[in-house]
Amino acid sequence: MLTITRPRRNRKSQAIRDLIKETELSVNQLIYPLFVIDGKDTSIPVESMPGINRFTIDKLLTEVKECVALGINSFALFPVVEEKLKDKMATYSYNEKCFYLKAINTVKQKFPEICVMTDVAMDPYSSDGHDGIVENGKILNDETLEVLGKMSLAQAKAGADIIGPSDMMDGRVGYIRSLLDDEGFTEASIMSYTAKYASSFYGPFRDALDSAPKSGDKKTYQMDFRNAKEALVEAQLDVEEGADFLMVKPALAYLDVIKSLKESFDLPIAAYNVSGEYAMVKAADERGWLDGRATMIESLTSIKRAGADIILTYFAKEFAKQR
Ligand code: PBG
């Protein structure tokens, strides 16, 4: 007799496996990122992200409607801004005529019950392609906060449910929180990109937005992927500064960070299954090198198992469809 304990007994049928499963993935916990462009009646596919498009506002409404019918109730919107509207100070981000603000407003008017999350960072609007103000090759921290504040306020005014600072400037959560509160937007939530790493996995997203840095990289503000403890420092600050949710980004190469935040903090933990993670699965699936659907479910479940309460993922619609 080899052993009395035979763990395989608990795997002997689908019924038993389902009975004892520790992790259950639900569409309720997914946030679907959507790219928005100015104009009418147009959707432009993102080449490096098969199945993902950039939508004009009218098309965006159709997409949201379809997703809501599938059970997706939360969306993160990202703007694709024309080069000629970009400048050093990202002023278009809080311009009254900004189509992105209009998109937030229109979606919320048509679908008041859904949750709309925004992106706060200068890069989509910056002629330098950086998340902060660039001066002599350096990213200015405190000066950038003022721009992020104006952007956040404009998004809250447009009706955003969750403000999502993705810029990684120090002190931005506290700065944005107090500005929103002073202006009467005490109900606008903040999901902080708490541990956002300087990652190669953002490549396809930067293609989608045409937002890659014009020079240098983002390593002086996004985190070093060799570090995990630093994420706890960032998280502690975000909690003290009034964040409502903490996020880890990317997700799959950072499952340890998700787990450590989940163990150390009581706020809901989100993980961003980013563009490169999506593109890898899609590319391999297209070549017949792996089963895309099964890989999607395994990846998303792993992120959940690691401790994420919420997952931002480009797979949201596909996942919702196959349930
Ligand atoms: C911009 C931003 C990025 C992503 C979300 N917000 C890119 C970056 O920091 O360069 C990446 C999302 C993805 O890759 O799916 N601040």
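Q: Is Lys259 buried, partly exposed or exposed?

A: The classes are buried (under 20% relative accessible area), exposed (over 50%) and partly exposed in between, with a 1.4 Å probe and protein chains only. Lys259 is partly exposed, at 42% relative accessibility. The model is predicted: local features need pLDDT of at least 70, side-chain atom pairs count only at pLDDT 80 or more, and totals for chains, interfaces and linings use all residues. Residues are numbered from 1 along each chain as its sequence is written, and side-chain values use heavy atoms, without hydrogens and water.

Q: Which residue does Lys259 meet in a salt bridge?

A: A salt bridge is a side-chain nitrogen of Lys or Arg within 4 Å of a carboxyl oxygen of Asp or Glu. Lys259 meets Glu263 at 3.5 Å, N to O. The two lie 4 residues apart in helix 8 (residues 255–264), so about one helical turn separates them; helices are DSSP runs of H or I with at least four residues, strands are runs of E with at least two, and both are numbered from the N terminus. Glu263 is exposed, at 59%.

Q: Which salt bridge links distant parts of the chain?

A: Lys59 and Asp41 form a salt bridge at 3.6 Å, N to O. Lys59 belongs to helix 2 (residues 57–69), whereas Asp41 sits in the loop between strand 1 (30–37) and strand 2 (43–45), 18 residues apart. Lys59 is partly exposed at 29%, and Asp41 is exposed at 56%.
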